[in-house]
Amino acid sequence: MTPASAFSNTRASYLAMALLLTLLCGVSLFVGTADLPWAGNWLDREALKILLISRLPRTAAAVLTGSSMAVAGIIMQLLVRNRFVEPGTTGTTEAAMLGLLLVTLLAPSTPIFLKMVIAAISALIGMGGFLLLARRLPPSQPLLVPLVGLIYGGIIGAGVIFIAYQADMLQYLAVWMSGEFSGVLAGRYELLWLAGAMAVLAYFAADQFTIAGLGKSAGVSLGLNYGQVMALGLLTVSMVTALVVVTIGMVPFVGLVVPNIVSRFMGDNLRANLPIVAGLGGILVLASDIIGRVVRFPYEIPAGTIFGVFGATIFLWLLLSRPARAS
Amino acid sequence: MISIRDVNHNIGSARILKDINLDIPRAGATAIIGPNGAGKSTLLNLVARLQPLQTGSISIDGQDVGKTPTAQIAKALAIVSQQNFVASRLRVRDLVGFGRWPHHRGRMGPEDHEAVDQALAAFDLLSFQSRFLDELSGGQQQRAFVAMGFAQGTDWLLLDEPLNNLDMFHARALMKRVHGVSRSGAAGGRQVLMVVHEINYVAAWADHVVALREGEVALQGAPEEILTSAALSGLYEMDIQVSEHQGRPLVLHHV
């Protein structure tokens with residue numbers, strides 16, 4: 001393949017991604033329990049209200065969640081230099097939940113934005129701890145990193161469950177752990193735009209993240225400010241994780257599956273593939289939400305559950321069909 | 001010239017480098033040789049600021065490595081470390097393109113594309129420039145990383161055991177290319193500083209040799225002076241015969 005055709009392939013995938021996303025957004029606006037009443041050829045005021053208060057925010061929330069979580073996933077994979085990690089499998093989500101649980105327990109009247117900030121700080125500490133652990137693992141054993149991440153996350157998660165059980169707050173955990181969009185209304189999801197903004201911000205440092213993924217010596221040789229890139233990455237991942245946990249709840253596997261699919265076809269040059277990662281993340285989460293809305297109509301299945309089923313299957317396929325050395 | 005002054009380096013209680021005072025001249029290709037554990041890679045890493053200096057100072061053509069901003073050193077010196085594994089799936093052309101990052105820090109300009117083309121051509125990578133790194137053999141990957149260092153366009157190119165894991169064919173081809181870029185010409189004469197174990201590659205391709213032993217500079221000079229039976233036998237503590245082949249030393253260390 002020549003560079004020119006690689007370029008036009010990138011452009012074609014941008015276009016396909018944008019078309020598919022627009023199409024799904026359109027579908028999402030018109031699928032749901034409430035019928036949109038039509039007045040003549042146009043929607044009447046009631047329908048407009050449903051659209052603006054419920055359907056539009058819900059669609060935006062699904063796209064923002066999917067995009068920002070996929071971006072957080074690929075950034076984490078580059079910083080850890082391992083394909084098989086994401087915030088949800090390395091303790092970052094559990095750490096965010098711990099912060100959120102503690103603030104809900106100790107100061108329940110804290111405004112939501114402050115709760116989010118505390119959850120983000122807690123996620124930051126949790127992810128920092130995992131990075132310190134991961135650094136000590138031999139790079140020749142790529143599967144060790146996700147396994148240690150699962151154990152680390154499991155330990156934090158156990159602490160979270162213990163505290164929640166003691167304080168009789170387990171139902172909160174259930175909400176934070178299963179991402180679902182049926183509760184999204186205008187006025188209750190807007191924090192997610194911040195997650196979207198973080199993902200956009202990450203795009204400006206795309207080259208730096210790609211270089212960090214080449215390893216420390218390549219980064220130093222190219223004069224990369226390693227600490228700065230690490231800090232930006234940590235901030236992006238922990239903010240996105242905390243924002244999603246606070247507003248929607250965890251959608252498992254998005255950060256893991258989406259970057260792996262994209263990498264397979266387009267490689268890891270973030271400057272070219274970050275828009276694709278974000279787009280595909282939005283598409284898959286939105287599609288999961290739409291499926292969740294129609295599969296047992298008029299009841300709903302959480303998007304996180306739908307994505308978990310498909311995501312786990314896709315991830316197993318990626319693991320098994322990939323040569324072992326491609327870590 | 002790279003000047004190394006009073007450099008000591010300890011790891012725990014082990015003294016890796018002892019009072020190194022060394023000037024590496026702009027001689028073309030300089031090879032650092034010595035037995036295992038002599039401190040060769042540590043010295044190279046210190047020059048390339050991959051590890052912090054514990055004592056002493058190192059300067060590259062007058063720029064102090066410890067005090068100059070890392071982004072500025074990136075325009076004077078490039079290092080290619082040993083690649084144990086490659087986690088990223090980049091196309092060869094993109095990888096080599098990242099060698100230009102210190103110069104543009106954003107979008108590549110026309111002169112960056114030209115430098116990438118030159119590097120791809122110098123290391124015979126044009127035919128795989130659109131392949132992903134994980135679709136290449138170990139030797140091709142190694143070549144791609146050296147080409148990235150070359151594309152960085154620095155006066156100094158540091159190579160840490162570039163021949164590791166290469167077979168005879170690829171080792172010779174890589175040394176030939178490295179030797180080529182150390183000669184002035186269309187590609188510009190680069191100063192190459194490399195750690196090499198295979199002594200006969202040093203004999204054939206190096207212009208200057210620095211021999212380390214137990215953390216100290218044992219010998220330095222032209223290959224014909226260093227690669228003698230007496231000097232090498234002392235350096236490696238084994239009986240080594242040196243013969244001659246086409247005017248270059250031929251070291252018989254394996255029999």
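Modeller: Contact here means heavy atoms within 4.5 Å. The model is predicted. In that sense Ile33(B) touches Lys40(B), Val196(B), Ile199(B), Val202(B), Val209(B), Val210(B), Ala211(B), Leu212(B), Leu227(B), Leu232(B), Leu235(B) and Tyr236(B), leaving aside residues up to four places away in sequence. Ile33(B) belongs to the largest nonpolar core, which has 146 residues; Ile33(B) and Phe209(A) touch the most other members. The element that gives the most to this core is helix H2 of chain A, residues 45-80, with 15 residues. There is also a second, separate core of 29 residues, and Ile4(B), Ile20(B), Leu22(B) and Leu46(B) are among them.

Now the interface itself. Chain A and chain B each bring 35 residues to the contact. About 2700 Å² is buried between the two chains, and carbon and sulfur atoms give 54% of that area. The count of salt bridges between chain B and chain A is 0, while 10 residue pairs are in polar contact across the interface, both residues at pLDDT 80 or more. On chain B, the elements that each supply at least two residues to the side touching chain A are helix H2 (70-73), strand E6 (77-80), helix H3 (92-98), helix H4 (101-104) and helix H6 (138-151). H3(B) gives the most to that side, with 4 residues. By residue class, the side of chain B that touches chain A holds 17 nonpolar, 9 polar and 9 charged residues.

Notes: Residues are numbered from 1 along each chain as its sequence is written. Chains are lettered from A and ligands numbered from 1 in the order in which they are written. This is a predicted model: local features need pLDDT of at least 70, side-chain atom pairs count only at pLDDT 80 or more; totals for chains, interfaces and linings use all residues. Side-chain values use heavy atoms; hydrogens and water are left out. Buried area is the accessible area (1.4 Å probe) that two parts lose on being put together, summed over both. A salt bridge is a side-chain nitrogen of Lys or Arg within 4 Å of a carboxyl oxygen of Asp or Glu. A polar contact is a pair of N or O atoms within 3.5 Å; within protein, one must be able to donate a hydrogen and the other to accept it, and residues adjacent in sequence count only if both atoms are side-chain atoms. Ala, Val, Leu, Ile, Met, Phe, Trp, Tyr, Cys and Pro count as nonpolar, Asp, Glu, Lys and Arg as charged, and the others, Gly among them, as polar. A nonpolar core is a set of buried Ala, Val, Leu, Ile, Met, Phe, Trp, Tyr and Cys residues joined through side-chain atoms within 4.5 Å. Buried means under 20% relative accessible area, exposed over 50%, partly exposed in between (1.4 Å probe, protein chains only).
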